[in-house]
Amino acid sequence: MLVLAIACLVSAAAWVYLVLLHGGFWLTSQRLPAGGNAEPVAAAGEQTWPAVAAVVPARNEAESLPVTLPALLAQDYPGEFRVFLVDDNSDDGTGAIASELGEKASRDGGAPLTVVTGRPRPDGWAGKVWAMAQGFAVAAAAAPEYVLFTDADINWAPLALRDLVAGAETDDRALVSQMALLRAQTRWERVIVPAFVYFFAQLYPFRKVNDPKSGTAAAAGGCMLVRRSALEEAGGLEPISGALIDDVALGTLLKKHGNRTWLGLTTDISSARPYPDLASLWHMIARSAYVQLRYNPLLLAGTIAGLLLLYVAPPAGAIAALVVAAAGGGPATAVAGAAGLAGWALMTVSYVPMLRLYRLSALRAPTLPLIALLYAAMTADSARRHYSGRAVSWRGRTAGRV
């Protein structure tokens, strides 16, 4: 019981730090002003909206595009806006479906769409980054002020692009990124998805990302508005060519070059990608967990140990103390119980805002330790997949597949 009491004390102290001093990671207040009401900086006495080109890397997205692409093409944006969709060697008719949707949108007054046929991936390039690079090369030829990198499964509210551009212009940000609201409709989606965003924010506190003085950098791949000149000055996408976690790599690249960046939450941009069962969610997490740990076994061991100490020790101490106390436990039992309850309470309170963002009951919050156990198992499985050669980077591409 003494060892458990010490673990609970350490965990409780860690939770005090996390809640009070870790960039407010658990709050959901980092949002852009909504509605497109803010205007860009005035030029020559008039309000002007800069040109934007969207780049959509797409591989086997025939199911997603009819749901998502029309809304992107129909953005209510006053400036010049066009979309470049990169068909990355799809075998399900993605390119043809995109072209049909583009022609229909054009008849309805939507943004012009250009379908770019993807070329074979060079050695050393990750699949998605290579698709992004091809789209960026074509889009940059038109010299837009901003390039919007978005995914084929992302739904856009009509004024979302206005909000992004206004946020970049009024606050001089070279990167404005929003974490798309992920789907949380099935039973397992409601269990796993809010925790996924919560853990991401704990790893990359948005306030720290948004602080130019902080070294913390990240972005969310479904929505990244980038100033073209800043990306070109940073070397384009080639410096992150092999990145399997492209969004964090891009945010890091731009911030390292002295640019101001911003990352926040939104409900105006959402993902239509379904994860109907635990297996699909497990794959989504395990696909990149060990990548995030830089394939380092020591970091893997430390991460799993940290998850157990931070999330599992508090409820274990509280429950064990209740059981042992019935038989007349000593001081260590009291310490384990009190510290365990304190740590459990703090993590529970910190999880509530994310549950509310996803419109889920706060009664789910005390189960966070069980979800953390699942994530520990997924992280371990990610390493197992890597060493067995089963790791997958993007839409079915393995590291050695063209």
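**View 1. The lining of the second largest cavity, by residue class.** The lining of the second largest cavity in this predicted model has seven nonpolar, two polar and one charged residues, where Ala, Val, Leu, Ile, Met, Phe, Trp, Tyr, Cys and Pro count as nonpolar, Asp, Glu, Lys and Arg as charged, and the others, Gly among them, as polar. A cavity is a set of points on a 1 Å grid over the protein atoms alone where a 1.4 Å probe fits but cannot get out, and lining residues have an atom within 4 Å of a point. Among the lining residues are Val56, Thr150, Asp151 and Ala152.

**View 2. Helix H2 and strand S7 at the second largest cavity.** Helix H2 (65-73) and strand S7 (154-156) each supply at least two residues of this lining, and H2 gives the most, with four residues. Helices (H or I, at least four residues) and strands (E, at least two) are DSSP runs, numbered from the N terminus.

**View 3. Helix H6 and its buried residues.** Helix H6, which covers residues 187-203, has 17 residues. Buried residues of H6 include Glu189, Ile192, Tyr198, Phe199 and Phe200, buried meaning under 20% relative accessible area with a 1.4 Å probe and protein chains only. Of the 402 residues of the protein, 53% count as buried.

**Notes.** Residues are numbered from 1 along each chain as its sequence is written, and side-chain values use heavy atoms, with hydrogens and water left out. In this predicted model, local features need pLDDT of at least 70 and side-chain atom pairs count only at pLDDT 80 or more, while totals for chains, interfaces and linings use all residues.

Methods. Expected span 1.5 Å × (residues − 1). Buried < 20%, exposed > 50% of the residue type's maximum accessible area, 1.4 Å probe, protein only. 1 Å grid on protein atoms, 1.4 Å probe; cavity = no way out; pocket = protein on both sides within 12 Å on 5 of 7 lines; lining within 4 Å.
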